[in-house]
Every structure is written in structure tokens, then in C-alpha cells.
Amino acid sequence: MTRTKDHKAHTPFLSRPGVRRLLPFTLITAIALVFIFENRASVEIRLLVPMVTMPLWGALLIAWGLGMLACLFTVRRRSKRR
């Protein structure tokens, strides 16, 4: 079996640059979400003045989402500088 020049060699899935960059993010996200949804007890949270009672998973999910937004803005800002 001969290969022609216009036929690209098959690259393994895990050695692709996009997959190698995305794999740690996916793994950490999965672990974080499992941790978040396993904590279902209600907690009281002080938001400057008011006291809010909510499930712990909701507070953790909000904190995780804000962290992801901060990361997104930081990465986007760094790529514009270069």
C-alpha cells in the first residue's frame, strides 16, 4: 500500500495540540463540578450587609463561574498584548 503526497498521515487524538491544551481544563472542570455537587448542605453567607441562606453547591458554583470568567478575561487580554 503506497501513500500519495496529498494524503496526510493520521495524527493520534491525544497528540494534537488543541486536545493537549484542553485535556487538563476538562479534567479539572470535571473534578470541580463533582466536588461542587457533592456539597449539598445549606449555609449562611454574608454578602456585605445581608445574610443569605443557600445550598453550598450554589455558592461554590457561583464562585467557580466567577473564577472561570476571570480566567477567560485574563487569557483574552494576554493574547491581545502579543
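Where is the place of Thr 74? Thr 74 sits in helix H2, which covers residues 56-81. The model is predicted: local features need pLDDT of at least 70, side-chain atom pairs count only at pLDDT 80 or more, and totals for chains, interfaces and linings use all residues. Residues are numbered from 1 along each chain as its sequence is written, and side-chain values use heavy atoms, with hydrogens and water left out.

**Overall layout**
- The protein has two helices and two strands.
- From the N terminus, the order is α-β-β-α.
- Helices (H or I, at least four residues) and strands (E, at least two) are DSSP runs, numbered from the N terminus.

**Surface and contacts**
- Of the 82 residues, 7% count as buried.
- Buried means under 20% relative accessible area, exposed means over 50%, and partly exposed lies in between (1.4 Å probe, protein chains only).
- The protein exposes about 7700 Å², and carbon and sulfur atoms supply 67% of that area.
- Accessible areas come from the Shrake-Rupley method with a 1.4 Å probe; for residues, only the protein chains shown count as cover.
- Take the contacts with a separation of 6 or more: residues 24 or more positions apart account for 25% of them.
- A contact means heavy atoms within 4.5 Å.

**Thr 74**
- Thr 74 counts as partly exposed because its relative accessibility is 38%.
- A polar atom of the Thr 74 side chain lies 2.8 Å from the backbone oxygen of Ala 70.

**Leu 48**
- Leu 48 lies in the loop between strand E1 (42-46) and strand E2 (51-55).
- Its relative accessibility is 81%, so Leu 48 counts as exposed.
- Phi of Leu 48 is near 60°, a positive value in a residue other than glycine.

Methods:
Polar contact = N/O pair within 3.5 Å; in protein donor to acceptor, adjacent residues only side chain to side chain.
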